[in-house]
Amino acid sequence: MAKMYFGKTVRYEGTEYPPNTTFEVKDTDVDGLKKSGGWLVEEPKEIEDDKDEKSELDILREKALELGIDFKGNWGVKKLSEAIADAEQA
C-alpha cells in the first residue's frame, strides 16, 4: 500500500479525506490518483518473490537426500557440506 495526500477534500473508497490528510491507497490506484492531483508520500513497497530462488541450505539438503545422507533438520550449511563431502569420498 502506498500513502498519498491531496490539497483538496477527496473521497476514496467510500471515505472522505480532508485536505492535506495522508491516507493509504492501493498500489494499482496510485497512477490514477496522481493524475487527479494527488501527491505520493510513501512509495508502494515492492514484494520480492524469493520462492523461485533456493537458499544454499535448501540446495545442500536436496543434495544430501540424493546421496542418501540421514541428516537432522537443524543442521546448518557447514555440517551438511561436511556430510556431503564425506559421502562423496566414500
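A residue counts as buried under 20% relative accessible area, as exposed over 50% and as partly exposed in between, with a 1.4 Å probe and protein chains only. By that rule Ser-36 is partly exposed, because its relative accessibility is 44%. The structure is a predicted model, in which local features need pLDDT of at least 70 and side-chain atom pairs count only at pLDDT 80 or more, while totals for chains, interfaces and linings use all residues. Residues are numbered from 1 along each chain as its sequence is written, and side-chain values use heavy atoms, with hydrogens and water left out.

**Overall layout**

- The protein chain contains 3 helices and 5 strands; helices (H or I, at least four residues) and strands (E, at least two) are DSSP runs numbered from the N terminus.
- Their order along the sequence is β-β-β-β-α-β-α-α.
- The protein chain has 90 residues, and 21% of them count as buried.
- The accessible surface of the protein chain is about 7,100 Å², with 47% belonging to carbon and sulfur atoms; such areas come from the Shrake-Rupley method with a 1.4 Å probe, and for residues only the protein chains shown count as cover.
- A contact means heavy atoms within 4.5 Å. Among contacts in the protein chain between residues at least 6 apart in sequence, 31% join residues at least 24 apart.

- Two strands pair if DSSP finds at least two bridges between them.
- β1 pairs with β4 in the antiparallel sense over 3 bridges, and Lys-3 has Glu-24 in β4 as its bridge partner.
- β1 and β5 also run antiparallel, joined by 3 bridges; here Met-4 stands opposite Leu-40 in β5.

**Aromatic cluster**

- Rings of Phe, Tyr and Trp (its six-membered ring) pair if their centres lie within 6.5 Å; planes under 30 degrees apart count as stacked, over 60 as edge-to-face and the rest as tilted.
- The count by this rule is 4 aromatic pairs.
- Phe-6 and Phe-23 form a stacked pair, at 6.2 Å centre to centre and 15° between the planes. Phe-6 lies in the loop between β1 and β2 and Phe-23 in strand β4, so this pair ties together parts 17 residues apart in sequence.
- Tyr-12 and Phe-23 have ring centres 5.9 Å apart and planes at 40°, so the pair is tilted. That pair links distant parts of the chain, with Tyr-12 in strand β2 and Phe-23 in strand β4, 11 residues apart.
- Phe-6 and Phe-23 are both buried; the relative accessible area of Phe-23 is 5%. Tyr-12 is buried as well, at 12%.
- One aromatic cluster is formed by Phe-6, Tyr-12, Tyr-17 and Phe-23.

**Loop residues**

- Ser-36 sits in the loop between α1 (30–35) and β5 (39–42).
- Leaving aside residues up to four places away in sequence, Ser-36 touches Phe-6 and Lys-8.
- Glu-13 is in the loop between β2 (10–12) and β3 (15–17). Glu-13 is not a glycine but has a positive phi of about 50°, and it is exposed at 53% relative accessibility.
- Asn-20 lies in the loop between β3 and β4 (23–25). Asn-20 has a positive phi of about 60°, although it is not a glycine, and is exposed with a relative accessible area of 56%.
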